[in-house]
Amino acid sequence: MKKAIVFLVILSLVCFSVFAEGTREKAPANEKLVVGFAQIGQESGWRGAETTSITFYAAQNIDTIQLHFADAQQKQENQIKAVRSFIQMGVDVIGLAPVVETGWETVLKEAKEAEIPVIFVDRMANVSDDLYASFIGSDFVDEGQKAAKEMIRLLNGKGNVVMLEGTVGASAAIDRQKGFLEEIAKAPGITIIARQSGDFTRSKGKEVMESFLKSYPQIDGAYADNDDMMLGAIEAIKEAGKKSGTQIKTVSVDGVKGLFEAMVAGEANVTVECNPLLGPQFFQAAADLKAGKSIPKWIKSNEDVYRQETAAADLPTRLY
Ligand code: GZL
């Protein structure tokens with residue numbers, strides 16, 4: 001009898017715990033989408049537009065989005081620290097604009113172990129597919145090819161060209177140069193006489209162009225991996241007493257307002273658009289990941305080429 005009672009008591013305890021488990025309210029998942037974004041810095045007008053696109057979107061959706069935003073001042077170690085802090089916080093999704101392509105495996109493996117998906121925004125990193133959920137950004141090789149086609153057109157296929165390059169090791173710089181050099185090689189009359197990094201900044205772009213102008217008496221065209229370096233280069237060309245946009249043709253990438261203003265003034269010729277307004281796409285992808293949906297491995301930006309001839313009409317329509 002005693003044994004029977006003991007058995008029934010144990011059986012009831014087991015049933016109760018199973019029942020309780022089955023009916024226990026699941027801990028309410030945080031209703032908000034909690035995101036950590038490790039931004040590169042504030043090196044260019046383009047970067048500022050991207051930051052605004054991200055922070056403004058989060059502010060507009062404050063009831064459903066909690067954004068933790070870190071500015072790394074263009075230092076990879078600061079981005080890595082920020083990603084680690086987001087992992088500690090237990091955010092739902094991490095956004096990262098990798099300042100350079102290499103050096104990310106360790107911290108991305110930590111994010112994977114913590115089961116926090118990472119979305120690369122605007123720049124890529126050299127890691128295996130399992131370490132990131134998606135890349136939201138442009139086809140930089142295509143941008144470089146478009147820029148070269150414009151330079152060939154502007155120079156009628158012949159002349160001396162200098163290149164102002166972006167941050168050493170950055171995917172946007174590496175791939176734009178790849179596309180530019182592949183395409184420009186189709187015009188044997190064009191010679192690349194100098195290449196140097198201006199780190200995507202206006203001030204360094206001016207310094208680099210000043211040195212080019214001192215070293216090379218005959219420069220027919222200048223290409224820059226971004227508009228900010230080209231705006232610095234234009235200052236240097238003018239200070240050297242040369243005519244930017246006519247004596248020295250210019251082609252650069254981004255599509256920032258300042259370059260449109262230079263085209264309206266006749267001092268620049270072409271900008272290849274690179275869309276920085278990635279906030280909406282980024283948060284939509286993050287929300288999809290949180291909801292357990294699959295997203296494309298590459299969410300490509302759509303962009304165009306803008307020329308001096310239409311700059312006055314285009315300028316009022318520009319959003320950055
Ligand atoms: C491109 C982005 C580049 C811009 C620069 O996606 O990474 O970085 O072209 C910016 O202006 O500094």
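Is F135 buried or exposed? I looked this up and found F135 buried, with a relative accessible area of 5% (buried is under 20%, exposed over 50%, partly exposed in between, with a 1.4 Å probe and protein chains only).

The model is predicted, with local features needing pLDDT of at least 70 and side-chain atom pairs pLDDT 80 or more, while totals for chains, interfaces and linings use all residues. Residues are numbered from 1 along each chain as its sequence is written, and side-chain values use heavy atoms, without hydrogens and water.

**Aromatic pairs**

I found ten aromatic pairs in the structure (ring centres of Phe, Tyr or the six-membered ring of Trp within 6.5 Å; planes under 30 degrees apart are stacked, over 60 edge-to-face, the rest tilted). F120 and Y132 are stacked, because their ring centres are 4.8 Å apart and their planes at 25°. F120 is buried at 0% relative accessible area, and Y132 is buried at 9%.

I then looked at F135 and W298, a tilted pair with 5.9 Å between centres and 35° between planes. W298 is partly exposed, at 38% relative accessibility. I also noted one aromatic cluster, formed by F37, Y57, F69, F282 and F283.

**Charges over rings**

I checked for charges over rings (NZ of Lys or CZ of Arg within 6 Å of the ring centre and within 35 degrees of the ring normal). K300 lies over the face of W298, 4.6 Å from the ring centre. The charged end of R318 sits over the ring of Y306, at 4.7 Å from its centre.
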